[in-house]
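What lines them, and where do the lining residues come from?

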Amino acid sequence: MKSFHKNIILILLILLSNHIFSQKIRVIDSINERPIPNVFVFDLEKKNRKISNINGVVNLDDFKEYDSLVFRHIVYETKIFLFKDLKNKKTIQLNPKALGLSEVILSVSRNTQNIATLSRKVSVIDKRTISMESPKTSAEILYHGGGIHVQKSQSGGGSPVIRGFEANRVLLVIDGVRMNNAIYRSGHIQNSITIDPSALERTEVIYGPSSVGYGSDALGGVVHYYTKTPKLDNDKTFNYKRSTSYNLRDKSRITNRSIEISKKNWASYTSYTKSNFGDIYMGKVRNHGYNNWGLVNFYSKNTKSEFYENPSVNNNPNLQRNTAYKQNDLIQKFNFKLGNKSRLILNFQFSESSNINRFDKLTELNDLGNLKFAEWYYGPQKRTFISSKLNLYNQKLFDRMNLTLAYQKIDESRNKRKFGSNILNTQDEDLDVISVNSDFFKRLNRQNTIAYGFELTSNNLDSNGYQSDVNSNDILESISRYPNNGSDYKSLAGYFNFKKFINLKTNYDFGLRFSSVTINADWDYDFFDSDYEDKYDVLFFNQFDDLKMSNASITGSLGIVHRMNDLNKISFNLSSGFRSPNIDDIGKIRENAGVLSVPNMNLKPEYVYTLDLGWSKFNKKFRTNLNIYYTILNGSIGRDYFKNETETILFDEEFVQMMANFNLGNSNVYGGNFDFKANLFDNIVVDGSLTYTKGSSFRDILPMPSIPPIFGFLKIKLIKEKSQLQLSYRFSGSKNPETYSMGGEDGLDETPLILNEIGETEYAGMPSWGVFQLSSLFKTRLFKRSIDIKFILDNIFDIHYREFASGISSPGRSLNLVVNFN
């Protein structure tokens, strides 16, 4: 018995000593100090081989003291160490072979990958990208991604356009959770402004269909916002930052305060931003030759507390009154270490704006040439986001798992009143969204990996409409924007993506996703009585009752990457995507410019099929990327006349035409993007992008909506130890009126009016434009605190211009002062 106990103790000591003296080392990037997964480690005779895990850690126990160990990765320079020289080291650094080649992408296939192995175009916008900028909103951040156009209908707007797709054909994602919901519309959206740019760690943009990883709506691409996550066991246990931005021209002011606390087993990040945006001054220099285009000669002074019967004269027509608004953003994140193989991240976000005036509607004219609306504004836009994310590592069935439970609450409303009327029409939407996402990653062997997961979402919508008398405050029930008796939108999906390295130079990936969507909606117009007969066509609206819709889709992707040598990459990607009709597509009722959108309950999903070819070249000083693509859109959802062009109905005391969404057939979109970055000498960086897009319908060669003219940017940056200076140029080509869509999405009526050859007025289309910006950054210290000071002179030459499809003129010359206290 005594001998047995001794043997047990001996075995335990041996196991314990193996654990204590286990030799592990972490491999990191020499530039950004990020861990490097998938580093091959082997001895010169290749008897033993190891590979670093997702955290860059590799176990060296099987190697001998006098072995020479080779550390090899496809995008890093190979290094050789003697094993005995690594005994006292916790980390080693590898140097990237070329500029940008070591970039890590988080969003494609919903797992971490290196950009050199990806078969599709992805842009990363991080702190370095916008170090010389001061974007007001997270929509404006996208300007710096290259290949993204941003449309605005008002100051509090920003609708991204990727490869000719916009709104509910582009998927917005926040921290792994889809923002697109049941009421994302096909026109222009502004939901991205509810994300605080001060709280972002990075933004990734995937170009082209991404339905395998993300499901419905990812036709043109995905915009994935990642907010900052507090770091565990950081060198700085407490970090307080404050930044203030002030625009001397429009008096806008943005203040952010953040606190990060880092402990061994938990960390916290808190950020609060208060924004006050002033009325926008347009540029005065009209190189386009249209002297009166965009001028605001009259405006409405009406507010909730003040009533004005007639429009007021604007003493400064270059000042776009009714464009000011306010916004508050709060984010709180906790990062808990539950064990060596698990993390829990709790995430709370809240955003609330003031009323945001719809500037393009407040400048709309009636048949007599006078302002049409006394009031037209979005009510306070509120977004509440709560999520918990559980990360598990190194289990038998997976190397990494992310399980995310999320709840979102969105409140928004539209309010409008015409001049000469006391009635304010309000449409109010309350939406609750619950979602579950689970993403798994497993390395099957040295050459093969698989990512898989599932997604469940549930949208419940409460939509109401009412009319209120601004004098008596009497309230009557009215037509809601969406089904007024409740509606819901649910989806269930599963996906997988397999990736194989044929050799060190070639890899391919293949993925599939199955998605199922159901919609239930119900209308109830029993409140219609004789009081409504002189305002609405009661019989027409009573035809809408209830709706049940379901559809299922299978989408896939195939990509191949070949690295001709260490510094050149060619890629091929064939992918499909789909968009299931949502409640906005099938059940919306709204009037715009004399046209009433009405429900159509017979819509089917629309599908895209895209061929994407890419070429990238990397070296120590230069990086360039060229992507060309061709997309077929099948069953394209678009507007057409509900019955015929001449039939009208009575709506809100006016006779209007009717249009609805239909599956209009096939369309095609094609184009390309070229971007580059070069380090000239040791302290000069040049960065540029150029994008071309073309699209039309196969049926009758009609133009597709949301196809911007050619556009791009060029930046030149001078970098010193304690200062930086950047000159940037942003430009856009012109767009002819013949290339505008027929459904009104492109805003042809927002372009200049001209006289044609027979003396009739017609729209000229959007003129070309180009603007310069000069930015400077100075780093200093005050009372042992580091301070960054930025001066940004935007639109140096005070050029008047408008972005394509926008209903508001862009800001003229302005000076912005930004101070960051650390």
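## Cavities and their linings

The lining of the second largest cavity is made up of seven nonpolar, 14 polar and three charged residues (nonpolar: Ala, Val, Leu, Ile, Met, Phe, Trp, Tyr, Cys and Pro; charged: Asp, Glu, Lys and Arg; polar: the others, Gly among them). This is a predicted model, in which local features need pLDDT of at least 70 and side-chain atom pairs count only at pLDDT 80 or more, while totals for chains, interfaces and linings use all residues. Residues are numbered from 1 along each chain as its sequence is written, and side-chain values use heavy atoms, without hydrogens and water.

The second largest cavity holds about 230 Å³ of space. It has 24 lining residues, and the closest to its centre are Val-108, Ser-109, Arg-120, Asn-497 and Ser-557. (A cavity is a set of points on a 1 Å grid over the protein atoms alone where a 1.4 Å probe fits but cannot get out; lining residues have an atom within 4 Å of a point.) Helix H2 (211-214) is among the elements that give two or more residues to this lining, and H2 provides its largest share, four residues.

In total, the structure has 14 cavities of 30 Å³ or more, each volume being the space filled by probe spheres set on grid points joined across faces, edges and corners. The largest has 41 lining residues, and Glu-140, Arg-730, Gln-773, Asp-794 and Pro-811 are the closest to its centre.

| Cavity | Volume |
|---|---|
| Largest cavity | about 820 Å³ |
| Second largest cavity | about 230 Å³ |

The lining of the largest cavity divides into 13 nonpolar, 16 polar and 12 charged residues.

Methods:
On a 1 Å grid over the protein atoms alone, a cavity is a set of points where a 1.4 Å probe fits but cannot get out, and a pocket is an open set with protein on both sides within 12 Å along at least five of seven lines; lining residues have an atom within 4 Å of a point.
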